[in-house]
Amino acid sequence: MSLGTDNPKEIDSLKDSRDASSVSAARIGSGMFSRVLNTVGLPRLTVGGFVVALFVLGGMKGLPLHNLLSNSISRFAMNAVMALAMVPAVQCGIGPNFGLPIGLLAGLTGMVSALELGLRGFDGLFVAMIIGGGLGTLLGIGFGLFLNKVKGQEMMVGTYAGFAAVSLMCILWLVLPFRNPELIWVLGGKGLRLTISLKDAFGHLFDKLWRFKIGGVEIPTGLIGVVFGLTAAYKLFEMTKVGIAMDLAGQNERFARAAGVNCEQMRIIGTAISTALGAVGIIVYAQSYGFIQLYTAPLLMAFPAVASVLIGGATPLSASVSNALVGTLLFQSLLATTVPVAQSVVGGDISEIVRLIVSNGMVLYALTRGHGGGNGE
Amino acid sequence: MNRDYRKRIFKKNQPNEASPSDSRFLRPGGRGFTILGLREILVRNIVPIMFVVLCLLGVRWSGKPALFLLQEVVFRMSRNSFLVLSLVIPVMAGLGLNFGLVIGAMAGQAGLIFVAARQIPGMPGFLTACLVALPLALGLGYMIGKIMNKAKGREMIAGMILGFFMNGIYQLVFLFGIGTVIPFSNKNMVLPRGIGLRNTVELKSIKWVLDDLAMAKIGKVRVPLATLALSAALAWLITGLYRTKLGQDIRAIGQDMKVSQVAGIQVDQTRVVAMMIATVLGAIGQIAFLQNIGTLNVYDSHGQIATFAIAAVLVGGATVSRATVGQALLGTFLFHLLFIVSPYAGQNLLGSAQVGEYFRVFIAYAIIAVSLALHSMQRARSMASRR
C-alpha cells in the first residue's frame, strides 16, 4: 500500500481523507445535517435509519417488538466474530478479507473432526475451536504468504482463492474417510452430509449459558460473553507492540518500513489472525444455528461479514473493533426485522433480497469512494 | 476532471498500463514475431498446454466415444462462444475481465421473459427478445461504465460486486415487482400468490430457433451453423473494430490511460462505450445461450455465466490485460471439453460423478484465482524493473 508519491502534502491529504468518516458527505450539505453525517457516516446513518423505521413499522403493524429485539441480539452475537475477523485484515493492510471462506473451512473441519472423535458438550465445542483455530492460523499464514505476492489485488485474488478452496473442500468432504454414521450419508455410507445437526452434540451451548429475559427480550449472555471476550482479547493485542506495528504497516507501508517494521511479516500475522477468527466465527455461528452446513454453504459468507464492518464505518484502509460490532448489530438487526415486517406488509420473504442489495451496495459504495484498497495507492 | 487527471499522473501503479514484459511474455498477434525456441513456446503457452493435457486425460478416463464428445462440444461451443467473445472488448479497453457480464445476461433474460409471456413464436420471438433487451442493456451498460470510472484500478471487484448487487435488484423486480408494479397477463408464469414469477419458464416458442435455422449434418455430428455464424460474426466484428477510430481509442486507453488523455482521447467516455457494447453483447449472448437450453431458470440461469465465461477465456491463454478472439475460442473449446468429461471421469476414477462436478467448478475458480495472481505478480515485477 505504498502511497505512490513522495510529496508530503499528498500523503497528508490521503491520511485526512482516510480519517474523515465520509469525504463525499461533506460536500452534500452544510450545517447540522452535514455535521451529523460526518460524525456518524452515511452507511451507519442510512442502515440505522432503516432499522428504526422497520421497528416503528413493525410496532404499528402490531408485531411483538420484544421478539424482533431478541432476534436482532442473537443474530448479532452469531455473526459478530466473523465480522471481527475483518478488523485484523484491514489493519494489516490486505483490505477486507474476501478470502474468509478459507478460515470458515478450517472451522468446519474442526467441528466435523470433534464430532468424528465422538466429543460432545463443551468438550466437543472447545476441541472444535482448538482444531479449527489452529488449522485457521496455519492456513492463514500460507494465505498471507500468497497475498504478499499479489499486493494491490488482494480483494479479487482473495475472493477467488476462497471460492476455489470451498469447491476443493466440496470434493474432500465427499472423499475423506469419515466413519461416524451421524455425519455421513445414510445411503451409500460415504461422504459427509449436506447439513449435520448439532442438537445432540454442542448446539446452542453458548446461547443457553446464563440466558435470561428482561421484559420478554432474551439475552444470550454466554454467546454475547464469547463475542465480547474475543473482542477484548483483540483489543489487548492491538495495544501490544506487534499490534501497533501491524496497524502502522496497514496505514502507511512506506512510513512503517522507515520505522523498521517488517511489513510483509505484519501482513502475514494479520491474515493469520483474521483466518483463525473466521474459523472460530463459523463455530460460534454453527452452534447457535444448530447445524453445520457443508459444501457450498460457506461460498458467499465473506460478503455479509465485509459489509457489516463497512456499515460500521470502516473503509478498506482502516477499521476498528467498534466498526465491526456496531456494523454487525445494525446489519443483522436490519435483516432480523425485515423478515417479519416484510411478511406482514409485502406478504413474502424479502430478507434474502435485502441482504443481497444492502451488503453488496455497501461494498460497492466503499469501492467507489475513491480511496482505499485495490490498486495500492 | 483536472484534479482526477493530476491524481492519475501521480499514481505510479497505473493498473491499465500494458507492462513491458507483456510483449515478452506473449507473442504479438499476427506480424512481427520471431522464431521462438521450444522452451519459450512452452513457457508462453503453459496454461493452454496444461489444459490440453488435462483434457486428454479426462477424455481417456471418461471412457466416452469420440463422436459423443464431439457432438457435445459442438453444441457447447455454439451456445457459449458468443458470451466468451464478449469478454474481449473490456479486456482490450483495460477494464479487465468483465465480471459484470451477469448484468448483460439479466437484460437478456428480461427480453426472454417478455417473449415467453407473449408467446411470440419463432424467429420474430428471438428478435423481439433481443430488441427488448437492447435498451435495458444499453442503460445498464452506461451505469456499469460510470461506476467503473469511479472505481478505476478496482474494476474487476467492482464489476463482481455490482453483479451481486444487480442480482438483488433483479430478484426484487421479478419476485415482487411482477403483479404489483409491473402488470403481467400470463398467469401461468406467475406464482400461486399472484406476485412474482415462477422459477422455471419454458421457452417452447423460441427453443432451438436459431440452431434449427441452418442445422448441418457433418458425418454423424449435427452442427448448428446459424448459431456458430453469430459467434463468427462477432469475432469478425471484434477484429474489424481494431481498424475503426473507436477500436483504436479503446486499445489506446487499454494500454495507457494518461497518455491517451494527453493525446485527446475521451478516456472516461470511451470506457463507458466499451462497457455498453460488452453489456449488449452479454444480453444477446445469453439469449442465444438459452434458446439452445430451452428453459429459463429465472433466478439461477445467469448466476454462473460470468465465472464460466471468464474461466474459459483464461484457459485459452488470455490474461487480465490481453485477450484475443483466438484465445477466446480455444479456451471455450478446452474448458467445455473438460466440463463434459469430468463427471464421467469422476465416476470412473472415484465412483462418484459428484466429485467430477465439484472438480470442474474448482477448476473454474482456481484458474481465475491463479490468473489474477500471476497477472498481479507480473505487473509488480515489471514495475520494479522500471524503477
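Mentor: In this predicted model, helix 4 of chain B covers residues 46-62, which amounts to 17 residues. From its first C-alpha to its last, helix 4 of chain B reaches 24 Å, close to the 24 Å expected at 1.5 Å a residue.

Consider next the surroundings of its side chains. Val47(B), Phe51(B), Cys55(B), Gly58(B) and Ser62(B) are the buried residues of helix 4 of chain B. Viewed down the helix axis, these buried residues fall within an arc of 70 degrees, so they line one face of helix 4 of chain B. That buried set packs against two other elements of chain B, namely helix 15 (305-315) and helix 16 (325-350). On the other side of helix 4 of chain B, the exposed residues are Ile46(B), Val53(B), Leu56(B) and Arg60(B). Just after the helix comes Gly63(B), whose phi is positive, at about 70 degrees.

Most residues other than glycine have a negative phi. Gln119(B) is not a glycine, yet its phi is positive, near 55 degrees. Gln119(B) is located in the loop between helix 7 (101-118) and helix 8 of chain B. Gln119(B) counts as exposed because it has 12 C-beta neighbours inside 10 Å, and a residue with 12 or fewer is classed in that way. In chain A, His204(A) also has a positive phi, of about 60 degrees, although it is not a glycine. His204(A) belongs to the loop between strand 1 (195-197) and helix 10 (205-208) of chain A. With 17 other C-beta atoms within 10 Å, His204(A) is partly exposed.

A glycine with positive phi is also found in a hairpin of chain B. Strand 2 (residues 215-218) and strand 3 (residues 221-224) of chain B run antiparallel and are joined by four bridges. Within this pairing, Ile218(B) stands opposite Val221(B). Two residues lie between the strands of the hairpin, and Gly219(B) there takes a positive phi near 65 degrees.

Chain B contains 17 helices and four strands, and buried residues make up 48% of its 387 residues. Its C-alpha trace spans about 65 × 55 × 35 Å along the principal axes. Among the contacts in chain B with a separation of 6 or more, 73% join residues 24 or more positions apart.

Finally, the partner chain must be considered. In all, 43 residues of chain B are in contact with 39 residues of chain A. On the side of chain B that touches chain A, the elements giving two or more residues are helix 8 (122-150), helix 9 (155-177) and helix 17 (353-386) of chain B. Helix 17 of chain B supplies the largest share, 15 residues. By type, the residues on this side of chain B divide into 30 nonpolar, eight polar and five charged.

Terms used:
Residues are numbered from 1 along each chain as its sequence is written. Chains are lettered from A and ligands numbered from 1 in the order in which they are written. This is a predicted model: local features need pLDDT of at least 70, side-chain atom pairs count only at pLDDT 80 or more; totals for chains, interfaces and linings use all residues. Two strands pair if DSSP finds at least two bridges between them. The expected span of a helix is 1.5 Å times one less than its number of residues. A residue is buried if 20 or more other C-beta atoms lie within 10 Å of its own, exposed if 12 or fewer, and partly exposed in between; C-beta atoms are placed from the backbone. The arc is that of the directions from the helix axis to the C-beta atoms. Two residues are in contact if their C-beta atoms, placed from the backbone, lie within 7 Å. Ala, Val, Leu, Ile, Met, Phe, Trp, Tyr, Cys and Pro count as nonpolar, Asp, Glu, Lys and Arg as charged, and the others, Gly among them, as polar.
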